[in-house]
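This report describes sheets, helices and backbone geometry in one protein model. The sequence and the structure come before the text.

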Amino acid sequence: MSQYQWPYENEVGREEEVTADVLVLGGGIAGCYAAIAAARRGLSVALVEKGATIRSGAAGSGIDHWESACTNPCSKVTPKEIAEAYVDEQDHYSNGIAHYIECREGYDRLLDMESFGGKIRDTEDEFAGAEFRDDETKLMFAYDYANRFTLRVWGTTFKPALFHELKRLGVKIFDRTEATALLLSEEEGKKRGAGAVGMNVRTGKITVFRSRSTILTMSRPARIWLFHPDLPGLCEFRPPQSIGSGHAMGWRAGIEFTMMEKSVKGEFSASGRSFPPYAAGNNHNTWYAATMVDARGVEIPYVDRDGRELSAVSERYYPAKGQKFFLKGGVIDNPKYEYRGPETLDFEELMKRGYQLPFYADLSRMPEMERRVIWGMMVGEEGKTRIPVLQNYTERGFDPKLHMLQSYGSGWQSASFLPQERQLFGAPGGVMHDWDLRTNIEGIYAAGDQLFASDCCGFAAATGYYAGRKAAEYAKKAPLRDICRDDVKREKERLYAPLLREEGMDWRELNMAISKAMQNYCGEVKCRDLLLEGLSLLKSYREEAVPQICCRNPHELMRAHEVFDILDVSEMILHACLLRESSSEPLCFVRSDFPQTDPQEDRRFITLRQEGGEVVAGSVPLDYFGDLEEEYEKRNRDYIEEARVKYYGGDGKENE
Amino acid sequence: MMAEKREKYEKSGKNDRSGETASSDAVVFSVCPVPCSARPIVYDDSVCIGCGRCAEVCQVDVLVPSAGKGRHPLVMFPGECYYCGSCVMECPVPGAIRLVHPLMNQAKFVPVRSGKKT
């Protein structure tokens with residue numbers, strides 16, 4: 001194999017110090033909005049992003065719809081209604097605070113996006129007259145056309161628009177810089193956030209960030225159970241960059257987490273049996289509500305929540321008789337009767353009735369507007385479909401008026417996974433927080449996928465901006481705190497160690513071993529002995545394999561540290577699973593040694609954090625956030641007034 | 001000698017706060033394309049102008065700039081490609097980059113059928 005010269009500068013050992021009022025770790029949707037909120041309040045902001053902010057994060061290359069924009073002028077629902085419905089739908093293992101913020105402020109963030117140059121309306125009148133479009137505002141809706149709270153958006157324009165706005169506001173962007181550790185100050189036994197360490201993933205340079213407040217906006221963990229050493233970029237739904245480093249560094253720093261025992265059977269992975277998301281015939285999210293047919297071309301019926309077959313395509317977008325609204329989208333899998341929307345007939349029922357496999361999505365039978373909005377706009381704007389699906393399939397000759405696209409599973413997963421092939425999906429665990437989105441450590445905030453029970457793009461944007469506001473308020477009063485040089489020195493030593501080895505193990509080998517361990521010891525059915533066995537195996541990897549990992553350049557070093565973070569998160573997950581001594585349906589959690597399902601005494605958030613190498617467990621009531629509207633309004637009077645004037649045509653005077 | 005790299009690094013005195021120290025050869029980086037079963041990104045040399053925008057926007061950093069000016073970047077880590085298409089979307093010259101999923105991920109499509117229930 002021919003060797004190439006490393007094309008970037010070698011800055012190993014070089015260190016710089018950067019000071020900012022507010023430090024944002026992660027440059028996805030949540031991080032960008034957090035930085036914008038703080039910068040708008042006149043504070044100096046540094047944003048640290050492992051990739052390139054212009055296209056990084058889970059929504060980097062696009063997003064096709066924006067959920068719960070309940071305050072848009074066409075919406076027929078209130079933020080309270082939808083946020084409470086989400087909490088109820090998830091049996092209260094839900095992030096009420098974050099959902100309410102999403103429902104209440106998500107549309108404000110879309111209006112911000114539009115002011116930055118992102119496209120949120122059908123300004124070219126491409127869909128004029130369509131049932132899903134409001135011809136006055138030119139907003140377009142998905143799912144529930146009666147209640148109009150989910151918007152179709154042109155998300156390929158979003159990240160570049162945010163990136164340019166960050167630059168315009170003077171946010172200092174540190175691209176290609178991986179945040180690796182939180183720095184804390186300790187005064188009179190109290191820990192506070194003081195900054196973070198970052199490492200350039202092209203040059204190896206270390207940056208020590210000192211800040212008055214810090215916001216974690218990195219991804220949820222990934223590559224815990226699913227890994228493919230040949231095609232690691234395809235083995236998860238989110239980008240390979242996004243593996244939960246925020247969870248890992250938070251865990252190491254003593255931040256409190258919850259719901260980490262929850263994992264679901266895999267839903268997306270394109271490196272094995274599964275197909276890339278929205279790349280095969282399906283009728284979910286991007287493709288809702290595509291017409292599905294069986295192998296003979298016989299149409300598969302859609303039914304309402306009462307099992308009534310729907311005859312017209314249009315009926316798929318309206319609540320059932322007597323139902324106010326229905327829920328669909330990211331975390332809504334098999335909703336309760338109250339929130340269930342139109343769906344194709346149950347797979348098993350279809351088999352009983354003699355429908356023949358394989359199924360196909362057949363857009364040719366849909367009204368022209370519905371066909372064009374799916375194959376065109378939605379498939380064109382969703383994150384990983386514009387080029388590899390819309391463009392490539394069109395080049396291969398696919399024409400939605402003439403062809404039907406094969407489907408490969410019984411549902412939106414586009415594949416069948418084994419029960420032990422798990423993912424943190426469907427509102428997974430994350431940082432426990434208060435109404436300020438503050439963590440248990442003063443000065444450290446969190447938003448987006450970093451929060452427990454996180455959801456979609458609108459969730460990330462709204463919580464990001466909110467955390468940015470709160471972190472800015474705090475930073476205005478907080479001093480810059482001293483950082484401990486020894487902490488920095490230890491972190492540098494940890495970071496560089498794999499570069500200083502002459503030979504050793506590749507990062508893939510360790511990732512594969514962790515994933516196999518997690519499938520074996522933390523699969524679908526868990527029990528104490530297996531979980532302990534898992535912890536013991538991971539401990540041996542930490543002691544024996546981690547010191548063998550060897551990297552030849554900063555890129556490999558970035559991947560190696562991702563895997564070390566995956567190891568930390570896997571241990572946190574095993575501990576969280578040990579702490580819940582019962583089974584739980586909403587948490588998709590089965591303990592063979594504690595088969596009792598959702599006993600009253602365990603209907604609570606179990607929290608965990610690390611202190612002095614020990615796991616400290618805690619318990620928080622499910623509805624700790626109180627009445628969502630009341631508690632929100634109590635704490636956000638200034639913003640409510642600001643928003644009324646800025647986004648809703650208010651006159652600048654308090655309403656009488 | 002097993003500890004050669006570490007020794008050099010420690011001797012170079014860069015493991016302290018000397019932020020201004022110029023780079024030395026304490027740790028020499030090396031890289032070679034990491035083979036994988038797929039070929040996600042293919043450049044058309046006759047079209048590519050070698051501007052390098054694709055490598056700048058790739059969040060996964062699978063592309064590295066080519067040593068030759070005006071040449072397309074090298075697909076150094078093809079297995080890590082996330083198939084998001086940002087490189088193609090950023091490319092100023094249509095047709096310079098082709099991004100295609102591995103063969104196994106090409107979903108099948110057929111002409112529509114209007115079957116009857118039997």
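The model is predicted: local features need pLDDT of at least 70, side-chain atom pairs count only at pLDDT 80 or more, and totals for chains, interfaces and linings use all residues. Residues are numbered from 1 along each chain as its sequence is written, chains are lettered from A and ligands numbered from 1 in the order in which they are written, and side-chain values use heavy atoms, leaving out hydrogens and water.

**Sheets**

Helices (H or I, at least four residues) and strands (E, at least two) are DSSP runs, numbered from the N terminus. Two strands are paired if DSSP finds at least two bridges between them.

In chain A, four strands with antiparallel pairing form an open sheet in the order 17-9-21-22. Strand 17 (430-431) and strand 22 (614-621) of chain A are at the edges, each with a single partner strand, so one side of each has no neighbour in the sheet. Strand 9 (residues 257-258) of chain A runs antiparallel to strand 17 of chain A and is joined to it by two bridges. Within that pair, A:Thr258 is opposite A:Gly430. Helix 13 (residues 554-579) of chain A packs on this sheet, touching strand 9, strand 21 (604-611) and strand 22 of chain A, and its direction makes about 135° with that of strand 21 of chain A. Such angles run from 0 to 180 degrees between N-to-C directions, with axes fitted to C-alpha atoms, for helices over the stretch in contact. Contact means heavy atoms within 4.5 Å.

Another open sheet draws on both chains: four strands in the order 11(A)-14(A)-15(A)-5(B), with antiparallel pairing. Its edges are strand 11 of chain A and strand 5 (109-111) of chain B, each with a single partner strand, so one side of each is left without a neighbour in the sheet. Strand 11 of chain A pairs with strand 14 of chain A over two bridges, in the antiparallel sense. A:Met292 has A:Ala361 in strand 14 of chain A as its bridge partner.

Strand 6 of chain A and strand 7 (residues 190-200) of chain A form an antiparallel pair over ten bridges. Buried means under 20% relative accessible area, exposed over 50%, and partly exposed in between (1.4 Å probe, protein chains only).

**Helix 14 of chain A**

The buried residues of helix 14 (residues 628-635) of chain A are A:Leu628, A:Glu631 and A:Tyr632. They cover an arc of only 100° around the axis, which puts them on the same side of helix 14 of chain A. The arc is that of the directions from the helix axis to the C-beta atoms. These buried residues pack against helix 2 (79-89), helix 3 (96-116), helix 9 (457-477) and helix 15 (637-647) of chain A.

**Backbone geometry**

Most residues other than glycine have a negative phi, and most peptide bonds are trans.

| Site | Value | Loop in chain A |
|---|---|---|
| A:Tyr288 to A:Ala289, cis | omega about -5° | A:Ala289: between strand 10 (264-265) and strand 11 (292-293) |
| A:Leu357 to A:Pro358, cis | omega near -5° | A:Pro358: between helix 6 (347-352) and strand 14 (360-361) |
| A:Ser68, positive phi | phi about 55° | between strand 3 (65-66) and helix 2 |

A:Ser68 is buried, with a relative accessible area of 1%. A:Tyr143 is also buried, at 3%.

**Domains and chain B**

For chain A, the automatic or database domain assignment gives domain 1 (285-406) and domain 2 (487-602). Their centres, taken over C-alpha atoms, are separated by 38 Å.

Chain B has three helices and five strands, following the pattern α-β-α-β-β-α-β-β along the sequence. Of its 118 residues, 46% are buried. Among contacts in chain B with a separation of 6 or more, 48% are between residues 24 or more positions apart.
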